[in-house]
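Me: I would like to learn how to read a protein model. Could you walk me through this one?

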Amino acid sequence: MEENRTQAYLQLIHTLLNAPKGDEPQILQDNSELLDRGFLETCELVASTLA
């Protein structure tokens with residue numbers, strides 16, 4: 001289950017990074033069930049990889 005959730009986090013991050021400017025709030029609202037500590041930790045990992 002955790003692997004599926006991690007995949008969902010990564011997909012959401014990808015969607016946000018490629019979204020047209022201004023669409024991010026709606027995307028986050030549509031995926032609010034994924035907005036938790038795990039999502040933030042995954043964002044940090046992805047950001048450090050991209051830096």
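This is a predicted model: local features need pLDDT of at least 70, side-chain atom pairs count only at pLDDT 80 or more; totals for chains, interfaces and linings use all residues.

Me: How many helices and strands does the protein have?

Reply: Helices (H or I, at least four residues) and strands (E, at least two) are DSSP runs, numbered from the N terminus. Here there are three helices and zero strands, in the order α-α-α along the sequence. The radius of gyration, taken over C-alpha atoms, is 11 Å, close to the 10 Å from the globule rule (2.2 Å times the number of residues to the power 0.38) for 51 residues, so the protein is as compact as a globular protein of that length. Its C-alpha trace spans about 30 × 25 × 15 Å along the principal axes.

Me: What span should helix 1 have?

Reply: The expected span of a helix is 1.5 Å times one less than its number of residues. Helix 1 covers residues 2-18, and these 17 residues should span 24 Å; the end C-alpha atoms are 24 Å apart, which agrees.

Me: Which residues of helix 1 are buried?

Reply: Buried means under 20% relative accessible area, exposed over 50%, and partly exposed in between (1.4 Å probe, protein chains only). In helix 1, Y9, L12, I13 and L16 are buried. Seen down the axis, they fall within an arc of 100 degrees (from the directions of the helix axis to the C-beta atoms), so they line one face of helix 1. The face turned away from that buried side carries the exposed residues E3, N4 and N18. Helix 2 (24-30) and helix 3 (37-50) are among what covers the buried residues of helix 1.

Me: And which residues are buried in helix 3?

Reply: Those are F39, T42 and V46. They cover an arc of only 65 degrees around the axis, which puts them on the same side of helix 3. On the other side, R37, L40, E44 and L45 are exposed. The buried residues of helix 3 pack against helix 1. For example, T42, with a relative accessible area of 10%, touches Y9, L10 and I13 (contact means heavy atoms within 4.5 Å), not counting residues up to four places away in sequence.

Me: What makes up the largest nonpolar core?

Reply: In soluble globular proteins, nonpolar side chains tend to be buried together. A nonpolar core is a set of buried Ala, Val, Leu, Ile, Met, Phe, Trp, Tyr and Cys residues joined through side-chain atoms within 4.5 Å. The largest one here has nine residues: Y9, L12, I13, L16, A19, I27, L34, F39 and V46. Helix 1 gives the most to this core, with four residues.

Me: Where is D36 found, and what does D36 cap?

Reply: D36 is in the loop between helix 2 and helix 3, and at 28% relative accessibility it counts as partly exposed. D36 caps the N-terminal end of helix 3, with a side-chain oxygen 3.1 Å from the backbone nitrogen of G38. The side chains of D36 and Y9 are also joined by a polar contact of 2.6 Å. A polar contact is a pair of N or O atoms within 3.5 Å; within protein, one must be able to donate a hydrogen and the other to accept it, and residues adjacent in sequence count only if both atoms are side-chain atoms.

How values were computed: Residues are numbered from 1 along each chain as its sequence is written. Side-chain values use heavy atoms; hydrogens and water are left out.
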